[in-house]
Structures are given as structure tokens and as C-alpha cells.
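The following exercises concern one structure. Please inspect the sequence and the model before reading the solutions.

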Amino acid sequence: MSASELAHQGIKHTELTDFMGAEIHGVDLNVPISDEDFTALRRLLADYSLLLLRGQDVSPESQISFSRRFGELEEHVLQDFCLDGHPEIFVVSNIIENGKHIGAYGGSKEYHSDLAYIESPSLGSVFYCLECTEVGGETSFISMYAVHDALPKKRREWLMQQKAVFDYPWNHEIRNAHRPPLSPEQIANTPPVMHPCVRTHPETGRRASFFSPIWIRNFEGMTEEESQPILDELCEFAMRPEFTYTHKWQPGDILIWDNRSSMHKANPFDEENGRRLMHRTTICGDRPYLDG
Ligand SMILES: O=C(O)CCC(=O)C(=O)O
Ligand SMILES: [Fe+2]
């Protein structure tokens, strides 16, 4: 059954762009969703990579129980930034309370797919906006289905043969020097992992590019020096406007993104004077693979 046939079972949607994203209408996440509607929602996510629900007012409990319908939830390696009493909610915020940052701050300004640096990266994330600024602080997305389809044939075929080393501690050291250093335990929990650079989406069967400007240290069998210029070229291609959607937030917006077929990044805002507060739940995923 196609996504739009399923959608007629009760979930209404409109497309955000012609290559990714669908806005879902008439769903209140505080009200339990039927299995049928949830199946439709899940299929829309797999097809469109990004779902938008506006005007939501959800408690941490509702966000967690809705997110759990997609699968088990992750508890982030940076435990300091999880919501008190709700380790499944990762707080993304610039807000300081009692002299302490309440959430992850100043990061994620480069494209990535969440938890791509672990063996079984996240399936998707549910991101709820509680506070945002009038200007800046948008989140931008890239459709990695669209990137895969549009890459020059030679590069696409080359990439399908590649695996890459994703290395979280290496990246933390070079890019997140503003955050506390990782503890020996956090380092031990995130050893480098190897993933295919093109992956088959397990629900749609479509192929999507799988690389990111952060965390990839090198391609298999290549040095960092050989790998980084190719990665730069790939990322420059992926960041073309024709694959990119930028979401301007309003409080009450929820975006659900599929980490298996998209990348995202935060855009800058006035972190000194503005307040931005987001709650993320992160759904566990499977090991990336490429078939065929
Ligand atoms: O703050 C944002 O807009 C995105 C943050 C992010 O990358 C994440 O929470 O996964
Ligand atoms: Fe992210």
C-alpha cells in the first residue's frame, strides 16, 4: 500500500517540499493514536524523512510514550544534559540555570545523523520546541535519498563500495572543545565504528547516502588526509539547496526525523540574549546495511 493510500485511513498530510517533509494535520500527541493511524504515520516518516506536527503541548511522559511506539529509546552518552527523572529526554538548550547549562548547547551546527557514531545508529528523533527565538535557531535538513539519487553516477557507484570510520571521541576533541572533556568511561563507550556510506532503508527499500561532515574520520583503507577532501566534496554536494529544507520553529512544533535517510543541523541564533529550549527523544535503530 502506498503512503498516500495509508494516509487516507485517518492521517492527513501535506508535503513540505517536493523532495522531503510532510506536515501532519489533526493529530494531538496527548491523545493515544490507533495502531492503524500509527502505521500510517510510520510509513509517512519512512517515505518523507521528516514529519511536522504543529500546536502540540506535550508532557515529557507523552513525548516518551509516543516515541516508544517507534521502538526502544536511547539514553544519551552526555547524561548531564538529560531531563531530571526522564533520562530518555535529551535537552538541547542554551539556557543556564543556577550557573549550569540545562542542555546541550553550542553544538550540532554541522550536518549529521543522530548517533551515527554507534554500531546501531538512531532510527529517528522526536524534537519538541518549547521555546525559540524570533530570529535564527532554525533546523535544516538534507534528504539523503535525494542526494543518493542525484550524485554523479561515478561518485554514487564509488560511494556504494565504501565504508567509513565514525569516531565520536576524535570529533569531540577537535570540534567540541567548548564542552567538558569526555570521561574515560564515555570514551570507552564510544569506540570508532565502521558503516557503509550508502544504506538501504529497511522500511522503504530505497537507498540513501550515509556520510556526515562530523564523526567520519576516514574511509576504510584510506588515511584522514586522503579521506577528508572527498568527504568535503560530498558534503558540499549534499548541502545544495535542492536537497535542503530549513524549518523555522514555533513553540509547540514537533519534528520527527528519520536518521536513516536524512541529516540535520542547528542554525545559529543570539545565544547570549535569546532562549531556545528543545526536548529530544532518540529512537534506537538497527545496524546500517546495503543490499544488492
Ligand atoms: O538544535 C537543533 O536544531 C538540532 C539539534 C540536533 O542536532 C539534535 O538534537 O539532534
Ligand atoms: Fe542531531
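Two exercises with worked solutions follow.

This is a predicted model, in which local features need pLDDT of at least 70 and side-chain atom pairs count only at pLDDT 80 or more, while totals for chains, interfaces and linings use all residues. Residues are numbered from 1 along each chain as its sequence is written, and side-chain values use heavy atoms without hydrogens and water.

**Exercise 1.** Describe the largest nonpolar core.

Solution. A nonpolar core is a set of buried Ala, Val, Leu, Ile, Met, Phe, Trp, Tyr and Cys residues joined through side-chain atoms within 4.5 Å; buried means under 20% relative accessible area (1.4 Å probe, protein chains only).
Step 1: the largest such core holds 34 residues, and Phe 211 is among those with the most contacts inside it.
Step 2: two or more residues each come from helix H4 (144-150), strand S10 (163-166), strand S14 (216-219) and helix H8 (224-238).
Step 3: H8 supplies the largest share, six residues.
Step 4: leaving aside residues up to four places away in sequence, Phe 211 touches (heavy atoms within 4.5 Å) residues including Met 144, Leu 231 and Met 263.

**Exercise 2.** Determine the order of the three strands in the open sheet and identify its edges.

Solution. Two strands pair if DSSP finds at least two bridges between them; strands are DSSP runs (E, at least two residues) and helices are runs of H or I, at least four residues.
Step 1: the order is S15-S9-S17, with antiparallel pairing.
Step 2: S15 (244-247) and S17 (262-266) are the edges, because each has a single partner strand.
Step 3: four bridges join S9 (residues 139-143) to S15, where Tyr 245 stands opposite Phe 141.

Conventions
Chains lettered and ligands numbered in written order. Buried < 20%, exposed > 50% of the residue type's maximum accessible area, 1.4 Å probe, protein only.
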